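Please open the model in your viewer and keep the selection tool at hand. The stops below go from one region to the next, and each says what to select and what is found there.

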Amino acid sequence: MSQQTTIRKLAALVNTPVDKLLEQLAEAGMPFSDPDQVVTSTEKVKLLGFLRRTHGKDEKSTEGGSSPKKITLNRSRKQELTVGGGKSRSTVDVVVRKKVTLVRPSEGSGADAAGGDNEREEILRKLEESRQRNIEEQQRLAEADKRRAEEAERAKREAEEAERRKVEEAALAAAAPAAEPEAAPEAAPRKAGGHGHPKTPASREDDRGAGGRHKPRGGAPAGSDDDSAKRFAGQMHLSASERARRSSSARGKPRRRQAEQSRTGAGPHGFSKPTVPVVREVEIGDTITVADLAQKLALKGGEVVKALFKMGVMATITQSIDHDTAVLVTEELGHKAVRASEDSAEDALLAHVEDAKGEKLSRPPVVTIMGHVDHGKTSLLDYIRRTKVATGEAGGITQHIGAYHVETDKGVISFLDTPGHAAFSSMRARGAKLTDIVVLVVAADDGVKPQTIEAIQHARAAGVPLVVAINKVDKSDADPTRVKTELMAQEVVAEEFGGDIQFVELSAKTGQNIDALLDAISLQAEVLELTAIVEGRATGVVIESSLDKGRGPVATVLVQQGTLEKGDYLVCGVQYGRVRALFDETGSQVDSATPSIPVQVLGLSGVPDAGDDFVVVDDERLAKEVAQQRDAKRRESRLVAQAGNRMEDILAQMGSGEGQQTLNLVVKADVQGSVQALRDALTALSTDDIRINVIGGGVGGITESDATLAATSKATVIGFNVRADASARKVIETHGVDLRYFSIIYDVIDQVKQVASGLLGVEIREEIIGTAEVRDVFRSSKFGAVAGCMVVEGVVKRHKPIRVLRDNTVIFEGELESLRRFKENVDEVRNGTECGIGVKEYNDIKSGDQIECFERIEVQRTL
Ligand SMILES: Nc1nc2c(ncn2[C@@H]2O[C@H](COP(=O)(O)OP(=O)(O)OP(=O)(O)O)[C@@H](O)[C@H]2O)c(=O)[nH]1
């Protein structure tokens, strides 16, 4: 790679044997011993001067330093060129001869040049010759490269063509085994046309031999447009005449082609070394794992890791890197990066969904019940379900599937069956998106409470109208008017007070006025004029999901548009599948579900998340593609996020001494909705001091794998309505894993707060327990300065630390040496009492100073 001229190179350039050049250099006063030593330009000029002188042509001032004449020597540079990709990647040394710039002697240089400096002329001539030789050599090499590339290309085309022809012939043979070859010139190509006709072992054998052994049949269809179009499929750049030419040459001169192939060695299976580096164009999305990028670049993962490392990015093969880093490293590796046409499958899906056009018909309202704890949400939902859901089959019991629908005289109403609670705010916020109407339950005996207000805010934010249910009116201390007044303060104004909100006074216990509530909901729905397209492919949202031991993944979905039918293919979040069966809330099988009707779906590839959209698509392929693409994306973002967390941890620890502590949790629950709600609520408890990190979890019982995860990461396991199995219990016992069972969300939050408080440890706080004012100062031979003080606040105690303040500024911190009252040593002196205070190792105390006595106490930190 050296760009410097060695003696050997110089000798080659000036066409002089190395020995002779060494000799000449020695004579010129530059003794070199090694032909690989570097000759500097000054030395070259010196040599030139010497040569001239020895030939009687003295050169003035060459060695004087003003050097009016310059000679630029030709330089050759060796470069490493990386060719090929993947395993065939290799490095080739290429000698690049740099363009020679000969600086001719200027006109003004006069006599010397004009004097016919033969020697110099000779050197220049030789240099020129050498340059010419180099140029020619380079041209020759370039031409050879070009020829090789063309031959490789031609061989490739011919091999493809031969293969195609083989398939055609195989098809021909299959179609007309008894016929003469000439008898089916039309039929054969059509049969073979592009459908991946299965190859017989014989045809495969033929394919292998296509490079040299294959001879086209004389009777093969010639000249037909159809045929030529197929054979040159994918070669759109060829003109009709080119196709004809190639077509005839392909058939007419098989022998020459054979000969040519064997000569170049570039048959379909011959190796032709790429002559230029392959620049790959890779599509990169928001994130990509190092492994995926390496695969796209046809490189080994390690090479990409190395390149990243050189750029200062530490990443392992499995780690994800962001778009910008990926682009940089791709370019660094000599390839081209393009923005991935994100969500190509997703786009196809969108186009698919947008297709749905049809008549909009009126649809039932979807209702969510919200309200403060214990105000009767569950009781109300239960009462309506119990009394209004048509049980279908005799003896059928209603199931909790996350939603149900009731049929009233005024129409159908669907209820989302998610109990409302602060911890469910994430679900509720999502619920509100699905929801057309919110029924706000307020207990008549309790009135408006914080979560009542929160529910109002949620409904407002989602632009969903309210119907207020004043519950528990059966109770003696019920006061509906108070509720109405309190709600007015929240701008929820009843019709009777001039507002537009319907209020129903009811009892979820006795069922009083429940019908009136259903009427009010129907009326509100009428006002909203809710419509949806009923015909066509269904779309909607997942309300609830779980993994059923016998039935596999089960998702309750709410259809929003179209009709969901048994046998439909659907994408559901990152899952996909074909609807194997549909069940309603009574557990009966149904064939379809129309807008606003909740239904349980069986047949998905996995458990989707509550809140995921679902879309029915035409075919399984698209469903699978979209689901997989989404899954990959989700995984990648998760990996990036995880990497970020690790960094944050490190940074936090570096920055703030002890650093932010982490409480790891594994959260398992019976339904996906609870997992999500818990995850959100618990993570939200994080503060600057502690990070609540839900490291794992999901739907179902606590397994051995959950327990092991918890053990290795010192996590607390939260089991919400689920229990640990025997093997998990064993791991939990062995490793002393902290396992806690819950059935009320609120308790989980409370306990996690406690656990976190424990983890936060204690904080040392200072508490001032008393202050004394210095009135006078006495000198004692035993104690030094003793301050005559009056305790003005609290109590001053011996053995406690003190501070001396002057003008409210601390001037000394130390200990009490003596505390006396009337020459008596005392342990403490209270407010309003005089005393003498001796401060250890401090004698500068003055009248007017303050002595502050304090103690250090340990306080349990809380969130
Ligand atoms: N007397 C009377 N009691 C009721 C009525 N509705 C509910 N309750 C009682 O109130 C208590 C709480 O009712 P829930 O339905 O569990 O209340 P919730 O709002 O769902 O409570 P969380 O699920 O904890 O948020 C229960 O003991 C019910 O029996 C009612 O109309 N009258």
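Select V557 first: leaving aside residues up to four places away in sequence, V557 touches G540, V541, V542, I543, V599, V601 and F614, where a contact is a pair of C-beta atoms, placed from the backbone, within 7 Å. This is a predicted model, in which local features need pLDDT of at least 70 and side-chain atom pairs count only at pLDDT 80 or more, while totals for chains, interfaces and linings use all residues. Residues are numbered from 1 along each chain as its sequence is written.

Now widen the selection to the largest nonpolar core, which has 79 residues, and in which L440, V468, A469, V557, L570 and V571 have the most contacts. Strand 11 (residues 437–443) gives the most to this core, namely seven residues. A nonpolar core here is a set of buried Ala, Val, Leu, Ile, Met, Phe, Trp, Tyr and Cys residues joined through C-beta atoms within 7 Å; a residue is buried if 20 or more other C-beta atoms lie within 10 Å of its own, exposed if 12 or fewer, and partly exposed in between, with C-beta atoms placed from the backbone. Helices (H or I, at least four residues) and strands (E, at least two) are DSSP runs numbered from the N terminus.

Next, select helix 19 (residues 514–528), whose 15 residues should span 21 Å at 1.5 Å a residue, in agreement with its end C-alpha atoms, which are 21 Å apart; the expected span is 1.5 Å times one less than the number of residues. Within helix 19, L517, L518, A520, I521, Q524 and A525 are buried. Seen down the axis of helix 19, these buried residues fall within an arc of 160°, so they line one face of the helix, the arc being that of the directions from the helix axis to the C-beta atoms. Show also strand 8 (366–371), strand 9 (403–408), strand 10 (411–416), strand 11, strand 12 (466–471) and strand 13 (502–505), which are included in what covers the buried residues of helix 19. Just after helix 19, E529 takes a positive phi of about 45°.

Two loop residues make the next pair of stops. S596, in the loop between strand 21 (592–593) and strand 22 (598–604), has a positive phi of about 75° although it is not a glycine, and S596 is buried, with 24 other C-beta atoms within 10 Å. F822, in the loop between strand 31 (809–821) and strand 32 (824–825), likewise is a residue other than glycine with a positive phi, near 50°, but F822 is exposed, with 8 other C-beta atoms within 10 Å.

Finish at helix 2 (residues 18–27), where L21, L22 and L25 are buried. Seen down the axis of helix 2, the buried residues fall within an arc of 100°, so they line one face of the helix. On the face of helix 2 turned away from the buried side, select the exposed residues D19, K20, E23 and A26. Just after helix 2, G29 takes a positive phi of about 85°.

Conventions: Two residues are in contact if their C-beta atoms, placed from the backbone, lie within 7 Å.
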